[in-house]
Amino acid sequence: MTRVAEQAEYAEASRLLTQLRTIARQLPGTLDPGGIAEHLLDELRGVVPADNAVAFTAGGGGRLEVIAQRGSDRAAWETSLDRDSAIAEAWATQQPQLLTRSAMRLGSDNGPPRPATGVVLPLVTGVRTVGLIVLESAASDEPPMPDAIKRAETIAQGAALRLETALLFDDVRSIATAQERQRLAREIHDGIAQELVIVGYALDNAIAEIVAESPRLEVATEELQTLRSEVTRMITELRLSLFELRSDVDRHGGLGSAIAEYARTVGNSAGLRVQLSLGAATARLPAAVESELLRIAQEAITNARKHARATNLWVSCDVDPPRARLEISDDGIGIDAKQRRKDSYGMSIMAERVERIRASLSISERQPRGTTVSVSLGGE
């Protein structure tokens, strides 16, 4: 590609992003996919009575992602598009489909699929299927009335474009964030990290020369060795920061694998014994949510490494879309001793990320000693 063509592409991208920023500021509603989906489910349940309702979007690999749910506490929905189901049929045909059995998976907390009535509504913009809405009820043997389905379909189609816009905006934001993290990682690696390594080598040479010239210059040698230790510590911190910046959730490995890799790397560096407990369903959370949960886990693990003076680190991650639970515990010196405040920087970062994905954050003392950070995602 020539430089002129490259400049033209950047100019076009700049124009489109400027328009996107302007439009986003002028929109009357939110650009949060989960918030839009939850509002839509509440509105549709007023038209088609449903014990359980769920909103799906495409997740890749022939599966769907749950972005919002109403009803049962621990519903485990069937997310495969490869099975013979009303969900797969609605996705393929872009037409509403009646339910004759529950759309929940075998082995969920609700037991095996049971008789149920309801409807699957596709969310379509143009020729593209953006998502699906499932409304199901076990309280009645009668399917929803045709008039109710028609009204629900009209409401769903009116929300399809809003949801697609929010999903696209989320994608753009995620791509921009990932690229910025990679850019920062490259700048740190090629800049200050390399310079610190050079300073470390220079200190090694200076110590060697002093010892060779006069072994009795103990004070100067000790001061230089202390400085060398500090440089080594700073290089280690930078390397861990680079690893954190470059870490992301792989679409094949999943959230649990990404958290486990980070915890093991940090544990090995800091001499922590890391104990992992990972539980993940085949269904996936939206990519933006997984990314935020990974960053929250990284912040909690980093706090334990830097401040807790712990020996052990316990990390658990349980994912059952649209719900997830993270728990990071250490056997360090505890909250009071660390003098953590609600307005501390690390706490603020976690609180902001938790609020962004509409989760809850709990930080408590671990018995007999240490700290536990818990994040819970999902629920009515």
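**Briefing: overall build and salt bridges**

Among contacts in the protein with a separation of 6 or more, 66% are between residues 24 or more positions apart. The model is predicted. Its 380 residues include 42% that count as buried, and the protein has nine helices and ten strands.

**Surface**
- The protein has an accessible surface of about 20,600 Å². Carbon and sulfur atoms account for 52% of that surface.

**Salt bridges in general**
- Side chains of opposite charge can pair when their charged atoms come close.
- Eight salt bridges are found in a search of the whole structure.

- Arg358 and Glu38 form a salt bridge through their side chains, with an N to O distance of 3.7 Å. This pair links distant parts of the chain, 320 residues apart: Arg358 lies in the loop between α9 (345–356) and β9 (359–365), and Glu38 lies in helix α2 (residues 33–45).
- Arg358 counts as partly exposed because its relative accessibility is 35%, which lies between the limits of 20% and 50%.
- A network of salt bridges links Arg358 and Glu38 with Asp32, Asp42 and Arg70.

**Glu292 and its partners**
- Glu292 forms a salt bridge with Arg353, and the closest N and O atoms are 2.7 Å apart. Helix α9 holds Arg353 and helix α7 (residues 287–307) holds Glu292, so the two are in distant parts of the chain, 61 residues apart.
- Arg356 also forms a salt bridge with Glu292, with the closest N and O atoms 2.7 Å apart. Arg356 is in helix α9, 64 residues from Glu292 in helix α7.
- Glu292 counts as buried because its relative accessibility of 11% is under 20%. Arg353 is buried as well, whereas Arg356, at 44% relative accessibility, counts as partly exposed.

Definitions and conventions: Residues numbered from 1 in each chain as written. Predicted model: local features only at pLDDT ≥ 70, side-chain atom pairs only at ≥ 80, totals over all residues. Heavy atoms only, no water. Helix = DSSP H or I, 4+ residues; strand = E, 2+ residues; numbered from the N terminus. Buried < 20%, exposed > 50% of the residue type's maximum accessible area, 1.4 Å probe, protein only. Contact = heavy atoms within 4.5 Å. Areas by Shrake-Rupley, 256 points an atom, 1.4 Å probe, with all protein chains shown as cover. Salt bridge = Lys/Arg side-chain N within 4 Å of Asp/Glu carboxyl O.
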